[in-house]
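Here's a quick walk through the side-chain contacts in this model. Have the structure open while you read.

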Amino acid sequence: MRRHGTMTREEACDMLWSLYLISGAPMYEAPDYDSVQPWPYKDERDNDIAAKSRVISALSIMDTKQMSRNLGIHEQRLKHLHAAYAAAIIKRLKSLHLPDFGKKETALKDEIIRSHPANPDGNVIGSDIKDYEWTHRWNNLVTFSSRNSMYHSYVSKIMEKRFIPMLVKYFPDQAGEVVKYIRKAGYGDGEVLDLIDRTAGYNSNTAYLYQGKSGEEHRKKLQQKIRNSCPAASRNANK
């Protein structure tokens with residue numbers, strides 16, 4: 001992606017097809033958290049999630065003008081293709097995340113510990129007992145919990161921060177196109193401006209996304225929130 005020189009048309013096609021295949025590839029068919037089957041992907045816990053994340057990172061730094069010349073297609077078509085790839089990935093990971101899982105995780109762990117054959121009272125796990133089904137069940141719960149957290153962290157800490165600036169760059173002064181792809185990524189209308197706030201923020205490049213009654217109301221709420229969190233700064237600003 002960052003190498004010097006111009007890509008050939010064949011190289012550009014290969015790259016786009018590779019990104020397409022990785023974007024659409026299925027996630028690991030992992031055992032459920034209460035399964036006694038062993039984890040089937042040795043030494044791999046999040047490579048599938050990380051691969052999806054890298055696709056969005058690659059798309060976000062791609063020179064669409066140069067790529068459109070290489071491929072002989074209109075640049076705007078390429079931008080819509082990239083936005084669709086990224087939106088589909090984020091929607092997929094958001095759909096897999098269970099936000100309330102942590103509330104029942106402790107109870108599930110306690111239940112598994114109590115079920116250990118060397119630990120009928122739930123006090124100490126006997127390391128000398130080779131109960132493989134118990135071990136797989138425990139490992140699957142820990143792995144499931146870890147992956148559930150990763151779905152959220154990869155989306156919120158990496159993908160969203162690439163996705164929104166990319167949309168703003170691709171569709172300046174086209175709020176409808178930006179909102180369309182945000183919705184395609186699985187966000188509701190009430191989440192759109194909050195998402196923009198925590199990624200691109202309000203500035204001269206994103207002001208067009210805050211137009212209209214809902215945008216103005218959102219800005220007022222955001223300003224009030226800032227005043228409430230920083231009363232001293234607010235007083236100084238009003239002097």
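Trp17, Tyr20 and Tyr85 make up one aromatic cluster; rings of Phe, Tyr and Trp (its six-membered ring) pair if their centres lie within 6.5 Å, and planes under 30 degrees apart count as stacked, over 60 as edge-to-face and the rest as tilted. Bear in mind that this is a predicted model, where local features need pLDDT of at least 70 and side-chain atom pairs count only at pLDDT 80 or more, while totals for chains, interfaces and linings use all residues. Residues are numbered from 1 along each chain as its sequence is written, and side-chain values use heavy atoms, with hydrogens and water left out.

Tyr20 sits in helix 1 (residues 9-24); helices here are DSSP runs (H or I, at least four residues), as are strands (E, at least two), numbered from the N terminus. Tyr20 is partly exposed, at 43% relative accessible area, where buried means under 20%, exposed over 50% and partly exposed in between (1.4 Å probe, protein chains only). Together with Trp17 and Leu21, Tyr20 also forms a nonpolar surface patch of about 390 Å² accessible area. Patches take residues with over 30% relative accessible area and no salt bridge, joining like charges within 9 Å and nonpolar side chains (Val, Leu, Ile, Met, Phe, Trp, Tyr) within 5 Å.

The ring rule gives eleven aromatic pairs. Tyr28 is buried at 18%, and Trp39 is buried at 16%. Then there's Phe101 with Phe144: the centres are 4.9 Å apart and the planes at 55 degrees, so this pair is tilted. Phe101 is in helix 5 (residues 101-114) and Phe144 in helix 6 (residues 132-170), so the pair links parts 43 residues apart in sequence. Phe101 is buried, at 2% relative accessible area.

One charge goes over a ring, too: Lys94 lies over the face of Tyr187, 4.2 Å from the ring centre (the rule wants NZ of Lys or CZ of Arg within 6 Å of the centre and within 35 degrees of the ring normal).

On to the charges. There are nine salt bridges, each a side-chain nitrogen of Lys or Arg within 4 Å of a carboxyl oxygen of Asp or Glu. Here are some of them:

| Salt bridge | N to O distance |
|---|---|
| Asp48 and Arg147 | 2.9 Å |
| Lys109 and Glu105 | 3.3 Å |
| Glu111 and Arg137 | 3.1 Å |

Glu111 lies in helix 5 and Arg137 in helix 6, so that bridge ties together parts 26 residues apart in sequence. Glu111 is partly exposed at 36%. What about the burial of Asp48 and Arg147? Asp48 counts as buried at 8% relative accessibility, and Arg147 is buried at 4%. Lys109 and Glu105 are four residues apart in helix 5, about one helical turn. Lys109 is partly exposed at 27%, whereas Glu105 counts as buried at 15%. Lys65, Glu75 and Lys79 are joined in a network of salt bridges.

Zooming out, the protein chain has ten helices and zero strands. Of its 239 residues, 37% count as buried.

Key:
Areas by Shrake-Rupley, 256 points an atom, 1.4 Å probe, with all protein chains shown as cover.
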